[in-house]
Amino acid sequence: MNKKHPGGEPSPSTSPTRPAPSPDHGDATATPASAADPKRWWALAVIALAQLMVILDGTIVNIALPSAQRALGMPDADRQWVITAYTLAFGGLLLLGGRIADLVGRKRAFVIGLAGFAMASALGGAAAGPGTLFAARALQGAFAAVLAPSALSLLTTTFTDPRERAKAFGVYGALAGGGSGAGLLVGGLLTEYLDWRWCLYVNVPVALAALIGAQVFLRDRSGRRGGHLDVPGVLLGSGGLVALVYGFSEAGPRGWTSPWVAAPLMAGVLLLAAFVWWQHRAAGPLLPLRIFRDRSRAGAFATMGLATIGMFGVFLFLTYYFQAVLGYPPVRTGLAFMPVSVGIVIGATQIAARLLPRTAPHTLMASGMVLAAAGMVLLSRLTVHAQYVPHVLPGLLLVGLGMGLTFMPVYATATVGVPTQDTGAASAALTTVQQIGASLGTVLLNTIATGATGRHSRAHGPADSGTALAEAMVHGFSVAYWCSAGVLLFAALVAALTVRRGKPSQAGSKPSA
């Protein structure tokens with residue numbers, strides 16, 4: 001009897017004498033290791049370079065923002081749009097970008113995304129006023145929404161051997177998790193020693209190098225013939241995601257009760273509910289819901305969302321802690337974040353990539369989340385007089401190692417066994433979950449921290465000195481870190497209960513029990 005994989009495509013049954021199906025069972029592009037592309041490792045370098053550029057730009061302008069604000073005469077009320085314009089376009093258009101990759105071809109979408117990202121970066125670097133900078137950042141986000149899912153789907157279809165796949169996804173997971181911390185360092189260096197505009201200009205040579213590499217090393221079939229774009233799905237899905245990301249971004253400065261927050265969030269939920277309803281009816285859906293029928297894949301998506309909710313608040317709090325409490329300058333602040341990136345790289349490439357071929361993915365995910373939660377508990381014990389090496393560093397290393405152990409098997413499990421025509425959509429959905437989780441986590445944890453800071457100040461009298469203000473702020477951070485630890489432990493539980501206990505070579509090839 002034939003069995004079906006999560007995408008709903010039939011697959012031949014296997015006898016006891018046949019080898020277990022490969023991770024790309026059901027993917028028409030899967031090839032045996034002997035027929036693998038000899039340039040695949042160079043292709044990985046190109047994909048990794050593009051992915052790093054996209055991730056860096058989520059945080060590289062953060063430290064440069066004060067300099068850009070002064071140079072362009074930007075009002076305080078508008079400065080958040082340098083960040084929000086990018087995240088809105090990126091998070092809101094990811095599903096559309098993933099479907100474009102499926103329709104026009106992954107390599108072609110990759111090249112379009114790179115070229116557009118480079119042009120938008122050059123426009124932003126040359127901005128003479130705030131409006132131009134905001135528009136350039138939105139264009140960066142839009143082209144990143146095409147680039148990111150095409151990069152992940154190219155990786156999925158290029159590496160089909162389980163061991164090679166583990167190494168490739170180890171590199172990808174390290175970049176996806178560690179790029180944000182590296183962006184803070186690069187932004188600080190460029191701002192302090194060159195100019196804030198170089199935080200945007202730097203993308204141009206990087207994108208050009210990746211474009212050349214894409215033409216030489218990337219291999220992909222042309223887009224799907226006879227396909228068409230699901231226009232109602234685009235309007236409902238992208239509109240809902242834009243509304244949600246906007247609502248989350250405005251919750252911090254305006255508060256949850258503001259109509260500028262409540263209305264977009266409610267509209268986002270309604271639009272996404274309508275989007276799901278439409279995807280059941282559409283002939284060529286923007287996001288085929290069959291992607292989520294497999295329990296392991298659904299569990300990997302849930303783990304990614306919870307992990308980013310619990311993790312991304314740490315960058316916000318520690319930025320303020322290093323600069324406002326410990327008095328670090330921008331470059332030192334960026335350097336202080338590097339242990340997180342180093343830990344992610346080690347956890348993803350040296351530990352998870354080596355263990356995944358012979359270890360159940362849920363074991364790595366759950367262990368990683370427990371490690372990261374332990375790191376958050378250590379960070380919750382920080383005081384205004386803490387020292388970096390004995391007090392901050394251990395927590396950062398544990399968070400980094402835990403995230404590296406988690407991200408790598410999540411990426412591998414969430415994309416395994418997806419039919420060829422849906423790889424772009426699945427990749428976009430995973431990146432969307434990560435983006436929404438980061439936005440939601442930052443806002444929720446910041447709200448928790450702010451509330452705890454206010455309660456501490458009221459309980460201990462007026463905070464009329466710098467030390468009292470710092471103590472109240474650190475207390476708020478501590479409460480938020482405990483909440484992060486709880487979210488990460490819940491992610492560990494979700495991974496342990498939902499992701500299959502089989503090895504990754506079996507994931508996605510059989511339906512869930």
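Helices here are DSSP runs of H or I with at least four residues, numbered from the N terminus. The model is predicted: local features need pLDDT of at least 70, side-chain atom pairs count only at pLDDT 80 or more, and totals for chains, interfaces and linings use all residues. Residues are numbered from 1 along each chain as its sequence is written, and side-chain values use heavy atoms, without hydrogens and water.

**Stop one: α3.** Select residues 81-104. Helix α3 bends by about 55 degrees at Leu 94 (the angle between axes fitted to the seven residues ending there and the seven starting there). Of its 24 residues, 19 are buried, so α3 is largely enclosed by the rest of the structure (buried: under 20% relative accessible area, 1.4 Å probe, protein chains only). Step on to Gly 105, which follows α3 and has a positive phi, near 110 degrees.

**Stop two: α4 and α8.** Select residues 106-125 and 203-217. The axes come within 9 Å and cross at roughly 160 degrees (lines fitted to C-alpha atoms over the stretch in contact; angles run from 0 to 180 degrees between N-to-C directions). The pair is therefore roughly antiparallel (over 145 degrees). Now show the contact, meaning heavy atoms within 4.5 Å. Among its residues are Phe 110, Leu 114 and Phe 117 of α4, and Val 204 and Leu 211 of α8. The contact divides into twelve nonpolar, three polar and one charged.

**Stop three: α14 and α16.** Select residues 338-355 and 388-415. These helices pack at about 40 degrees, axes 6 Å apart. In the contact, α14 residues including Gly 343 and Gly 347 meet α16 residues including Gly 400 and Gly 404.

Key
Helix = DSSP H or I, 4+ residues; strand = E, 2+ residues; numbered from the N terminus. Parallel < 35°, antiparallel > 145°, perpendicular 65-115°, else oblique. Nonpolar A, V, L, I, M, F, W, Y, C, P; charged D, E, K, R; others polar. Buried < 20%, exposed > 50% of the residue type's maximum accessible area, 1.4 Å probe, protein only.
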